[in-house]
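Please read this report alongside the sequence and the model.

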Amino acid sequence: MKLCMAGIDASAPFEEREKLSLVRGQVQAMLPRIAEQTGCAAVLLATCSRTELYLHAEGERALPDPAEALCRAAGVAASAFVTRREGADAVRHLMHVAAGMQSQIFGDDQIVSQVKDAVALAREAKTTDAVLDTLFRRAVTAGKRVRTETRLTGVPASAAEVGVRRAERFFGSLAGRRAVVIGNGEMGRLAARALVRAGSEVTVTLRTYRHGETLVPQGCGTVPYARRLDAIEGADLVVSATTSPHFTLTAAQMQTLLCPPRLLLDLAMPRDIESTAAGAQTALFNLDDLGDLGDADDTSRETAECILDEETREFFAWLNYRAALPLIAKIKSAAIERVRHMRDDDALAAEGDAETLAELAVSRAVELVLGGMKEKVNVQSMKDCLEHIRKGSGR
């Protein structure tokens with residue numbers, strides 16, 4: 001199997017991850033370029049805490065260096081923090097990622113959708129193939145099973161909710177606190193809803209507003225993005241969660257406030273809030289500060305590992321069958337040829353009618369096939385084969 005991946009995740013410094021942080025539009029533009037330059041099928045997974053490129057090569061084509069391909073496509077210099085994996089290691093890694101077992105917030109429930117979206121983007125760009133498509137579908141299945149069959153963590157799994165929980169710990173209570181949420185995308189809406197549930201008075205910034213089209217969480221006020229500093233003046237908490245390539249809040253802007261907020265919570269990658277925006281009166285938390293709020297117990301972790309083992313085996317079973325298809329076709333041809341010889345054998349033809357000859361031909365073909373695999377044959381595999389045949393015949 002010619003499969004490899006390269007990526008960077010939360011184990012790398014924030015500054016290094018920012019260099020390879022990608023938004024949806026960038027992924028869409030990069031995928032065809034990567035596929036053309038490498039000659040491989042490609043899927044690019046980009047989340048707030050990780051960026052990973054998966055490549056698969058068919059036939060005799062050699063695998064390229066996935067780290068070099070990723071950095072070149074992103075227009076950045078090679079990074080020592082980009083890790084590489086091949087074959088089974090790459091497969092196993094993706095299974096763990098989809099299950100949230102590699103996330104900053106253990107058991108993160110957003111990652112399954114992100115893995116699913118990554119392969120969907122590759123399909124749209126026509127850069128995936130059967131192997132990567134099946135691998136990602138298996139990974140999504142593994143992630144969903146882990147969530148329904150185990151309890152990985154006792155805390156909310158989305159970064160937005162965990163961030164709000166962190167803010168609640170900072171203040172002691174969020175009830176009655178004035179909060180401003182910059183950004184009305186998925187992460188911003190999740191944060192706003194969590195703040196409303198916690199009893200905060202929430203204002204959400206909007207760049208544009210279209211009646212009936214713009215979704216604003218219930219219980220939230222709104223303010224134009226351009227007037228965000230007016231809304232922040234005197235607020236207790238600011239949450240920023242956009243996909244903007246520029247800072248939404250800088251140190252210079254913070255210095256203009258007469259009554260700055262006590263806490264800034266940056267849920268974006270790359271960062272929304274300039275690191276120097278914090279000061280004597282204001283604390284700043286970013287995504288790297290949210291990873292210590294929960295973990296799995298040993299039983300849940302073991303159960304999750306068993307699920308991932310099972311889904312990994314299913315993927316490799318499919319992959320091995322796919323690789324064997326040309327040989328299966330040759331075996332069929334050889335068996336048919338042997339049956340033809342039996343049909344042309346005058347002695348056999350004289351012994352029975354067409355039905356008897358057909359039964360004899362099938363019996364001989366099965367014996368020939370299994371005889372060539374006698375070192376691989378075991379009772380369980382034969383039971384499985386028998387069950388498959390009976391299902392196929394309707395018995």
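## Aromatic rings

Phe285 has a relative accessible area of 14% in this predicted model, so Phe285 counts as buried, the limit being under 20%. Phe171 is buried too, at 11% relative accessibility. Phe170 has a relative accessible area of 29% and is partly exposed, because that value falls between the 20% limit for buried and the 50% limit for exposed.

The structure holds 5 aromatic pairs. In one of them, the ring centres of Phe170 and Phe171 lie 5.0 Å apart with the planes at 85°, so this pair is edge-to-face. Phe170 also pairs with Phe285: here the centres are 6.1 Å apart and the planes again stand at 85°, so this pair is edge-to-face as well.

## The chain as a whole

The chain is built with 14 helices and 10 strands. It has 395 residues, of which 45% count as buried. Taking contacts between residues at least 6 apart in sequence, 68% join residues at least 24 apart.

## Nonpolar cores

The largest nonpolar core has 56 residues. Within this core, the residues that touch the most other members are Ile34, Leu44, Leu53, Leu135 and Phe136. Helix α6 (residues 130-149) gives the most to the core, contributing 8 residues. Apart from this core lies another, of 30 residues, with Phe171, Cys220, Val239 and Leu263 among them.

What does Leu44 contact, leaving aside its neighbours within four places in sequence? The residues are Leu22, Val27, Met30, Leu31, Ile34, Thr51, Glu52, Leu53, Leu70 and Ala118. Ile34 and Leu53, which are in contact with Leu44, are also listed with Leu44 among the core residues that touch the most other members.

## Two buried residues

Ile111 is placed in helix α5 (residues 111-125). Its relative accessibility is 2%, and buried means under 20%, so Ile111 counts as buried. Not counting residues up to four places away in sequence, Ile111 touches Thr47, Val97, Ala98, Gly100, Ser103 and Arg147. Ile111 and Gly143 are 32 residues apart in sequence, and their C-alpha atoms are 8.4 Å apart in space.

His96 lies in helix α4 (residues 87-98). Is His96 buried or exposed? With a relative accessible area of 10%, His96 is buried. Leaving aside neighbours within four places in sequence, His96 is in contact with Met101, Gln102, Glu305 and Leu308.

## A cavity

Rolling a probe the size of a water molecule over the atoms shows where empty space is left. How many cavities of 30 Å³ or more does a search of the whole structure find? The search finds 1. The largest cavity has a volume of about 40 Å³.

The largest cavity is lined by Ile8, Arg17, Ser21, Thr47, Cys48, Ser49, Arg50, Thr51 and Met269. By class, this lining divides into 3 nonpolar, 4 polar and 2 charged residues.

Helix α14 gives the most, with 7 residues.

Technical notes. Residues numbered from 1 in each chain as written. Predicted model: local features only at pLDDT ≥ 70, side-chain atom pairs only at ≥ 80, totals over all residues. Heavy atoms only, no water. Core = buried A, V, L, I, M, F, W, Y, C linked by side-chain atoms within 4.5 Å. Buried < 20%, exposed > 50% of the residue type's maximum accessible area, 1.4 Å probe, protein only. Helix = DSSP H or I, 4+ residues; strand = E, 2+ residues; numbered from the N terminus. Contact = heavy atoms within 4.5 Å. 1 Å grid on protein atoms, 1.4 Å probe; cavity = no way out; pocket = protein on both sides within 12 Å on 5 of 7 lines; lining within 4 Å. Points joined across faces, edges and corners; volume = space filled by probe spheres on them. Nonpolar A, V, L, I, M, F, W, Y, C, P; charged D, E, K, R; others polar. Phe/Tyr/Trp six-rings, centres within 6.5 Å; stacked < 30°, edge-to-face > 60°.
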